[in-house]
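Thanks, everyone. Please have the structure open.

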Amino acid sequence: MLKRIFTVLIIFCCATPAFTQKRTTPIHIIFDSDMGPDYDDVGAITILHTFADRGEAKILATIASTKYEGVAGVLNVFNTYFNRPNIPIGVPKGYALDLRDFQHWTDTLLVKYPHQIKTNAEAEDAVTLYREILAKQPDHSVTIVTIGFLTNLSNLLNTGADSFSSLSGKELVKKKVELLVCMGGKFPSGYEFNVMKDAPASKNVYQNWGTPVIFSGFEIGEKIKVGLPLIHNDAIKNSPVKDVFSLSIPQAAEDSVGRKSWDETAVLVALRGYSRWYTLHPGRIVMAPDGSNSWDENGTGQSYLVEKVDYKEVQNLINQLIMHQPLKIAGKKTAAVVLPQSNTGQPKIGNHGYTTARVTKILKVRENVRRIQARVDKVEAQIARAEAKN
Ligand SMILES: [Ca+2]
């Protein structure tokens with residue numbers, strides 16, 4: 001029992017500062033997401049930027065744990081929409097899953113919203129980016145929130161010294177990271193998507209991660225359903241966040257009262273702490289070879305969230321947070337590209353009429369237009385130089 005109390009105290013004191021009050025110093029955070037198969041990641045990245053706009057978070061990087069072509073662009077769409085187009089983006093360059101959404105919100109966003117990073121090749125290697133960023137941070141200062149597969153974090157642990165740091169991956173994590181918040185696992189036991197899709201990576205991380213870990217388990221986000229206030233809010237226009245929920249909610253009967261909020265809860269706890277809404281159950285996760293997990297009550301260093309208040313309190317809060325809109329920047333143009341309208345007045349995108357092939361074709365046309373414009377700019381510059389000489 002003493003060990004359990006000690007573990008709770010260690011996690012509470014070291015890993016979760018200023019939980020219920022607005023922070024005066026921002027949390028330095030790395031966001032690691034499988035931005036694509038599900039769309040709770042979209043709610044999560046919105047909450048991330050919401051707290052950054054409030055001065056409570058400094059986003060060090062947004063990193064993908066899936067590698068379908070376009071995922072770097074999708075992350076860049078959200079970072080650009082929230083006026084942070086230069087946040088570093090990482091994508092796994094080695095083995096990784098490449099799961100994509102069935103609702104076609106990712107390709108819709110890439111057609112409709114501005115993004116400087118067009119291809120995954122333009123993004124940095126996820127693990128290299130982790131090492132580069134962690135090496136520069138003060139000791140024990142970084143929070144990592146992972147809401148996808150554990151692929152990158154496992155690869156990070158397996159790295160050796162490089163030009164960024166003489167430390168191994170394990171040493172670098174232990175020295176620089178304060179807390180890992182993981183949307184993964186089902187507690188006290190069960191199967192969960194993020195954990196089992198890359199089970200060897202999950203096992204490596206859970207066994208070898210050298211800082212406190214808080215799990216937001218499947219059971220936490222499952223009952224919190226969000227997005228209806230967002231999609232019915234007429235004041236929100238040209239928003240990629242609203243577009244994703246508007247496109248996706250009608251495509252699944254189970255989403256009719258809102259999408260489940262697994263990823264949003266993890267980001268919320270990473271940035272505002274757990275103690276207002278949850279208690280911590282200490283121990284350590286145990287992985288089975290089939291990707292399922294259980295919980296070692298005698299383990300140390302890790303905890304999973306246990307509901308403390310009515311889940312609707314968190315649901316209401318997340319519903320509010322995901323309606324956050326970018327801070328107004330003087331002179332900034334409207335974010336979205338105007339698309340042709342159908343007879344019903346709905347944009348002809350995603351499930352409103354465009355197939356993937358159609359979207360791909362539009363992307364190609366847009367790229368051709370960009371190239372032609374670049375040539376025109378070049379010729380105009382040559383003419384201007386020639387005129388200046390004369
Ligand atoms: Ca996710």
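Predicted model: local features only at pLDDT ≥ 70, side-chain atom pairs only at ≥ 80, totals over all residues.

Leu 99, once neighbours within four places in sequence are set aside, is in contact with Asp 34, Gly 36, Pro 37, Thr 66 and Tyr 68.

Where is Leu 99 placed? Leu 99 sits in the loop between β3 (89-91) and α4 (105-112).

Now the partner, Tyr 68. Tyr 68 belongs to another loop, the one between β2 (57-64) and α3 (71-81). With neighbours within four places again left out, Tyr 68 is in contact with Gly 36, Asp 98, Leu 99 and Arg 100. From Tyr 68 to Val 91, 23 residues along the chain, the C-alpha separation is 9.4 Å.

Buried or partly exposed: which is each of the two? Tyr 68 has 20 other C-beta atoms within 10 Å, so Tyr 68 is buried. Leu 99 has 19 within 10 Å and is therefore partly exposed. The cut-off for buried is 20 or more.

Last, the chain as a whole. Its secondary structure comes to 15 helices and 12 strands. Of its 390 residues, 49% are buried. Among contacts with a separation of 6 or more, 83% are between residues 24 or more positions apart.

Methods. Residues numbered from 1 in each chain as written. Helix = DSSP H or I, 4+ residues; strand = E, 2+ residues; numbered from the N terminus. Buried ≥ 20, exposed ≤ 12 C-beta atoms within 10 Å, placed from the backbone. Contact = placed C-beta atoms within 7 Å.
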